[in-house]
Amino acid sequence: MISVAGVIIISVLWIVLVGVLFRILGKGKDSLGAFFMCLMTMFIPILIFVFTNIMCWIYGVNETVYSVIMIILISIFVGLPVLYLIGRFLYLLFRYPPKRAAVYARKKVGGFNNFSKEKWGSAGYRSAVHSHEPAYLAAQILVIWKKLGAVYRMRPRSGKKRYIRAIMELNLKDLPQIRKWEYHTILDGLYQAETDVLLHFTDGEKAVVFLNWPKRIFTTDELTEEDQKKIAYRERFRQITMTGRLIYIFMCIERYLVSLYPGRDWTPVAERMWNRTKSCEGWDEGTPGDLYREIVPERIMRFYRHGYGYEKLNPMVFDRKLSPEDYTEIRKLYEGISRGDPEEEINQMVGIPEQLIYKVNLRNHDPDFADQMTVEMIMKAESILKKREIQLPDASRIEGYSFERHGDPIGKEETNAAFGFGVDAADLSIILTVGRASGKPLEERKEERENDKKRSGYGEFQKGI
């Protein structure tokens, strides 16, 4: 018959054995031993209790005494790790509030200049267009993600945003090229949300910082009014290709320009706009040299207002691909109606396609991302038209640009069909086909524009660029 002391000894030996195994198997956090450690944490206390209980029954030990002892030992065995985790959670929660966590992350990553040199090298630093800034910010977010662990991951979106906001506010002082930033939440048909940070740079470029936030499925009760509106729009344009939706945005832009500024010939804008859908392989990239960039007011007017002439603006913004003739024509087109302010309504409206295509190309034409982005941009374009009391385009005119959609998400086999690349839809243009600004055919208006250039001393004006 085993005494109570014997029961205690057996139990302690079991715990010592488990501790030794933990030490041997758990050296690497990502090792197979770590997996067994998890299993042992769950099952070994139970096995100790059952096995020792059987032994005590065989040798006639008082089971009540043994049970009490084992419950205490198991409570200690399981409770200590739990208390440790709770204590660490509370420590990190109070030790690293958002602002302090941002300072810590910034210190771990280091200064921006050193980070750029180490990450990209001198050649990469010069050739990459704003790729180092989002990488620098993402590195700091990753530090917080790893350092805080559950404190960060268990927080709701609003809690995580406080950490991101603290990082952005801390870094914007040393990154003056970032003009502003905003959260962008992707909400798909299954009510799953993932959030990115969109950076707006002073030169008009944009970049995305991908956040380490797991997707979360929301119930209909948790959706905001804006979320519900997005879902309704997605259903409305569900079967329309992404290119068909882009065409609808073009129709919105034309109605805006023609309705508010009917005395101007918007042919240069329309020509570049409707040319974007003709490629069979994808939309034109929103990069320097892209023709559409030439007609976004911010690209020319903002720099022109600050004294940038053609010779300086062309290599800096347009990769030396903007002709002097186009520079003069487009600049004159916006004179008196735009100062190139990024927040101007006309800049917001005309810039929608550029912003849309940049984001979609950044995601490598992911159809589900494009599905939401096109809808968001349609909502934006329509809201501007409604604000100005301008009649919306007839959406039935793009029904021919449809594809057979089988469900959510869009399947891989549907990707090409979903985008519907390679479309010449210029016949839907009220500027190119009707000539609303002058009421004359396109070719005749082109001749008039050339004659106007000659009569206005265009050549002399060009010398002063």
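Figure 1. Aspartate 371 is buried, with a relative accessible area of 0%, where buried stands for under 20% relative accessible area, exposed for over 50% and partly exposed for values in between, computed with a 1.4 Å probe and protein chains only. This is a predicted model, in which local features need pLDDT of at least 70 and side-chain atom pairs count only at pLDDT 80 or more, whereas totals for chains, interfaces and linings use all residues. Residues are numbered from 1 along each chain as its sequence is written, and side-chain values use heavy atoms, with hydrogens and water left out. Aspartate 371 makes a salt bridge (a side-chain nitrogen of Lys or Arg within 4 Å of a carboxyl oxygen of Asp or Glu) with arginine 234, and the closest N and O atoms of the pair are 2.5 Å apart. Because aspartate 371 belongs to helix α17 (residues 367-387) and arginine 234 to helix α9 (residues 225-236), the pair ties together parts that are 137 residues apart in sequence; helices (H or I, at least four residues) and strands (E, at least two) are DSSP runs numbered from the N terminus. Arginine 234 also counts as buried, at 9% relative accessibility. A network of salt bridges links Arg234, Arg245, Asp371 and Arg405.

Figure 2. Side chains of opposite charge can pair when their charged atoms come close. The whole structure contains 14 salt bridges, and one of them joins the side chains of glutamate 343 and arginine 179, with an N to O distance of 3.1 Å. This pair links distant parts of the chain, 164 residues apart, since glutamate 343 sits in the loop between α14 (324-334) and α15 (345-350) and arginine 179 in strand β1 (residues 178-187). Both partners are partly exposed, glutamate 343 with a relative accessible area of 44% and arginine 179 with 31% relative accessibility. In the other salt bridge, the side chains of glutamate 335 and arginine 331 meet at 2.7 Å, N to O; here glutamate 335 is partly exposed, with a relative accessible area of 30%, while arginine 331 is buried at 6%.

Figure 3. The largest pocket holds about 720 Å³ of space. A pocket is found on a 1 Å grid over the protein atoms alone, as an open set of points where a 1.4 Å probe fits, with protein on both sides within 12 Å along at least five of seven lines, and its lining residues have an atom within 4 Å of a point. The volume is the space filled by probe spheres set on the grid points, which are joined across faces, edges and corners. The lining comprises 34 residues, and Glu182, Gln355, Lys359, Glu376 and Lys380 are the ones that lie nearest the centre of the pocket. Two or more lining residues come from each of α8 (157-171), β1, β2 (192-201), α9, α12 (297-305), α15, α16 (352-362) and α17, and β1 provides the largest share, six residues.

Figure 4. Helix α10 (residues 242-260) has 19 residues and reaches 27 Å from its first C-alpha to its last, close to the 27 Å expected at 1.5 Å a residue, the expected span being 1.5 Å times one less than the number of residues. Of the 19 residues of α10, 17 are buried, so the helix is largely enclosed by the rest of the structure. Glutamate 254 is in helix α10 and is buried, with a relative accessible area of 0%. The C-alpha atoms of glutamate 254 and methionine 349 are 9.9 Å apart in space, although the two residues are 95 residues apart in sequence.

Figure 5. Glutamine 239 lies in the loop between α9 and α10 and is partly exposed, with a relative accessible area of 32%. Glutamine 239 and phenylalanine 403 are 164 residues apart in sequence, and their C-alpha atoms are 5.7 Å apart in space. Glutamate 389, found in the loop between α17 and α18 (415-419), is exposed, with a relative accessible area of 74%. Although glutamate 389 is not a glycine, its phi is positive, at about 60 degrees.
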